Amino acid sequence: MNTLYYGDNLDILRKKIKDETVDLCYIDPPFNSKRDYNQIYNNVGTEDPAQAQAFTDTWVWDSIAVAGFQEILDNAYGRFTHQAVDLLKTLHAVLGEGSLLAYLTSLTLRLTEIQRVLKPTGCLYLHCDPTASHYLKLILDAIFCAQGGDYLNEIIWKRTNARSTERRWPRVHDVIFYYSKSSKFNFLPLKVAADKAKLPHTLITVGSIKYQTYDLTGAGVTQDGESGQTWKGFNPSTFGRHWANSEAQREEWDAKGLIHWAKAGTAGGFPRRRDENPFIPEERQVTMADVWTDVDRINQSAKERLGYPTQKPLALLERIIMASSGDGDVVLDAYCGCGTTIDAAQRLKRKWIGMDITYQSTAVVLRRLEKTYGKAFAEKVVQSGIPKDMKSAIALAHKKDDRLRKEFEKWAVLTYTNNRAIINEKKGADAGIDARAYFMTGKTDNAKIIFQVKSGGVKRGDIATLRGDMAREKAALAVLITLEDPSAPMLREAKSAGQYRHETMGREYDQISIVTVQEIVEQGKRLDIPMSLEVLAEVQRAIESKQSDLPF
Ligand SMILES: C[S@@+](CC[C@H](N)C(=O)[O-])C[C@H]1O[C@@H](n2cnc3c(N)ncnc32)[C@H](O)[C@@H]1O
């Protein structure tokens, strides 16, 4: 069943995906290669907030990284190969605790699960770039090769053209590692049209028709037998070679006119065998090798462009899926972004599983599927962790499990803020606040919005409480998200809180606003205050690190 999961892929893989159920996995985990390499390696310097994008691809050595690293070293459940444990220990010694180690720790945890869920016939494609590919290859070796799998290829995808003027060769390629889970993996070599501009130099023209020709000799001189003898005045040993076929065979070809005799005195005038059939450049195909230069990246004018910063071309994913899976096979993308793998898998009649940690990404995937395959198709996609109508929002809100009730609040706030809010995990004095977000009030200043989510029993007193929370939190704005409709006195009470003047935006906002879940799910109502990229990055990091308990 095609399923789109919203949440951290580590949790989803562990809780939802059974052993040996996936035929092909492609992943393209975030890594900010635009950052200075020495900075990544040496853990120095500050992040450039301008590089924050729709998701946070910065890695920090935080409590999540520490916990992940310890889990690998403890290896309490025996999940990790001893090679992976030793490798991480060594990388810790070499790299120290910083963003690069956080990234490699995170990938070790997840690649271990991916190896587990692959069928013995399955394989993995890991898309990265040369910034960290050398480390990732070590990790893949330690996980896959240590358990009977194999390293098959390092595919070079030339994704862009040379343009940099920095003091190095322009960086134009990505790296895609291809690993199998065992020697039973499936692979279908692909043929592609040969470059017509590059006609082989072995062509000859007879009349106006071109034919391919082939060498009749092999390397090395033979002293004995006919392969070293002169044939019709030609002896290959004069240039260090011997006849590759028997004399009888050559005679047979010659009788059929399939030996090309160069005109006497012309250069390279040694006989060659020629094809029976004419050479037609349009029909010429070559086997696809491991350097891919024929797939364009998504440029500004690309038809398939969705505006998702790291969107990969469909042609790239179609190639991978065609070569390494068959009809009806299960394709997994555990970092699905805007859903290129999902779209390609669907086009090629595979089943698919997508996962992404940002609600924003899953929303783009659904919009993409709806646009390409229609509303009815998109509605049939199983969404795990994503309420998409009032019924599922209410079901999520009323689940008896406290962990899931909190998830309703997270979903409501994250959805309303397009993933910009920081969930308040604290209990105690500020327990009434479910989340905070920050918006720019000038070039260097920001202000706070607080959020409270109510899944039932809303009353006028909630607004008074929110006013108190605003004062305590020094917040400029407050939003009450409610599952039930607010009463008229509640709305009056909220209005009476007055207005906030946003100078940069040049407009007024209600200091306290009430938003219903119905408005969020049915009318797509969203917070419309722009936020700073820096704050966005911080918020996003908090979201990514706190989505461990999802409503499955
Ligand atoms: C480079 S993008 C993938 C782009 C994708 N190949 C495409 O063509 O759209 C990486 C994605 O991984 C997601 N991501 C990062 N960490 C994740 C995690 N722990 N679990 C699930 N998704 C994650 C990000 O939200 C982002 O959408």
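Is lysine 349 buried or exposed? Lysine 349 is exposed, with a relative accessible area of 60%; exposed here means over 50%, buried under 20%, and partly exposed in between (1.4 Å probe, protein chains only). Here are my notes on the rest.

1. Ground rules. You're looking at a predicted model, where local features need pLDDT of at least 70, side-chain atom pairs count only at pLDDT 80 or more, and totals for chains, interfaces and linings use all residues. Residues are numbered from 1 along each chain as its sequence is written, and side-chain values use heavy atoms, with hydrogens and water left out.

2. The overall picture. The protein has 17 helices and 24 strands, taken as DSSP runs (H or I, at least four residues, for helices; E, at least two, for strands) and numbered from the N terminus. Of its 552 residues, 49% are buried. Among contacts (heavy atoms within 4.5 Å) with a separation of 6 or more, 69% link residues 24 or more positions apart.

3. The core. In soluble globular proteins, nonpolar side chains tend to be buried together. The largest nonpolar core here counts 53 residues, and those touching the most other members are Ile27, Tyr103, Leu104, Leu111, Leu124, Leu332 and Met355. Such a core is a set of buried Ala, Val, Leu, Ile, Met, Phe, Trp, Tyr and Cys residues joined through side-chain atoms within 4.5 Å. Helix 5 (residues 99-117) gives this core its largest share, ten residues. Leaving aside residues up to four places away in sequence, leucine 104 touches Leu91, Leu95, Tyr135, Leu136 and Ile139.

4. The ligand. It has 22 residues around it, the closest being Asp28, Tyr308, Cys338, Thr340 and Asp356; the cut-off is a heavy atom within 4 Å. Look at the polar contacts (pairs of N or O atoms within 3.5 Å): a polar side-chain atom of aspartate 356 sits 2.6 Å from a ligand oxygen, while a polar backbone atom of cysteine 338 is 2.9 Å from an oxygen atom of the ligand. The protein buries 98% of the 600 Å² that the ligand exposes when taken alone, with areas from the Shrake-Rupley method and a 1.4 Å probe.

5. Two lysines to check. Most residues other than glycine have a negative phi. Lysine 232, though, has a positive phi of about 50°; this residue belongs to the loop between strand 9 (217-219) and strand 10 (241-243) and is partly exposed, at 42% relative accessible area. Lysine 349 also has a positive phi, near 60°, and lies in the loop between helix 9 (340-347) and strand 16 (351-356).

Conventions
Polar contact = N/O pair within 3.5 Å; in protein donor to acceptor, adjacent residues only side chain to side chain.
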